Amino acid sequence: MAASAGPEIERLISLLARLPGLGPRSARRAALALLKRREQLLVPLAASLAETAEKVVSCSVCGAPDTRDPCAICSDGSRDNGLICVVEEAGALWAMERSGAFRGKYHVLGGLLSALDGVGPEHLRITELVGRVRHQGQGQGGHDGGGVREVVLALPATVDGQTTAHYVAERIAGSGIEVTSLARGVPVGGELDWLDDGTIVQALRARRPT
């Protein structure tokens, strides 16, 4: 199929089409909007993307993307080190932060266990979580001077999400640290990033032992 625009524009469309929620048609509409508003949208977006690519790193503590390491949340001394909320990706972390209901720290796994997709424990940041919990659980860094008291598993209510939650809970078992999961408010098959703030607050407050 012959290209309908120059190679640079076609490449832009091709890259946009790879983004979640954008297909070829949506990508073409997005590209056209950027080209129509070149100075207001395209140029600032290109500069922002370049700056982000240069400066953003993964936090060595929790795995979240940020422009510094440790990230802003891990560096915040006012947050409760005794609570660690485990999430699948950074999008879920941002959703939790929007709710304003959680004042602990986070741990981003980087995905979920999936036999179908060939994703095993070695592909996720589970070992880092276990090491972090055991280290901090030895009386180093709780909000009240103690160690980690509780790990909150804020993972999707899907088969892969619950499989991952069960595996993580088993890895932490025996450490003396309470492991809880989000309860009511999160529907089966629900993704945190798509939930409203009130639902997240309710689910967090009603968390239960795993």
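1. In this predicted model, the sulfur of Cys-62 lies 3.7 Å from the closest cysteine sulfur, that of Cys-71, which is too far for a bond, a disulfide being taken as a pair of cysteine sulfur atoms within 2.5 Å. By this rule the count of disulfides is zero. Cys-74 is likewise in no disulfide, since its nearest cysteine sulfur, in Cys-71, is 3.7 Å away.

2. Cys-62 counts as buried because its relative accessibility is 2%, where buried means under 20% relative accessible area and exposed over 50%, with partly exposed in between (1.4 Å probe, protein chains only). Cys-74 is also buried, at a relative accessible area of 16%.

3. Helix H2 covers residues 24-36, and at 1.5 Å a residue its 13 residues should span 18 Å, which agrees with the 18 Å between its end C-alpha atoms. The expected span is 1.5 Å times one less than the number of residues, and helices are DSSP runs (H or I, at least four residues) numbered from the N terminus.

4. Ala-27, Ala-31 and Leu-34 are the buried residues named in H2. Seen down the axis of H2, its buried residues fall within an arc of 60°, so they line one face of the helix; the arc is that of the directions from the helix axis to the C-beta atoms. These buried residues pack against helix H1 (7-16) and helix H3 (38-55), contact meaning heavy atoms within 4.5 Å. Arg-25, Arg-29 and Lys-36 are exposed on the other side of H2.

5. On conventions, residues are numbered from 1 along each chain as its sequence is written, and side-chain values use heavy atoms, with hydrogens and water left out. As the model is predicted, local features need pLDDT of at least 70 and side-chain atom pairs count only at pLDDT 80 or more, whereas totals for chains, interfaces and linings use all residues.

Key
Helix = DSSP H or I, 4+ residues; strand = E, 2+ residues; numbered from the N terminus.
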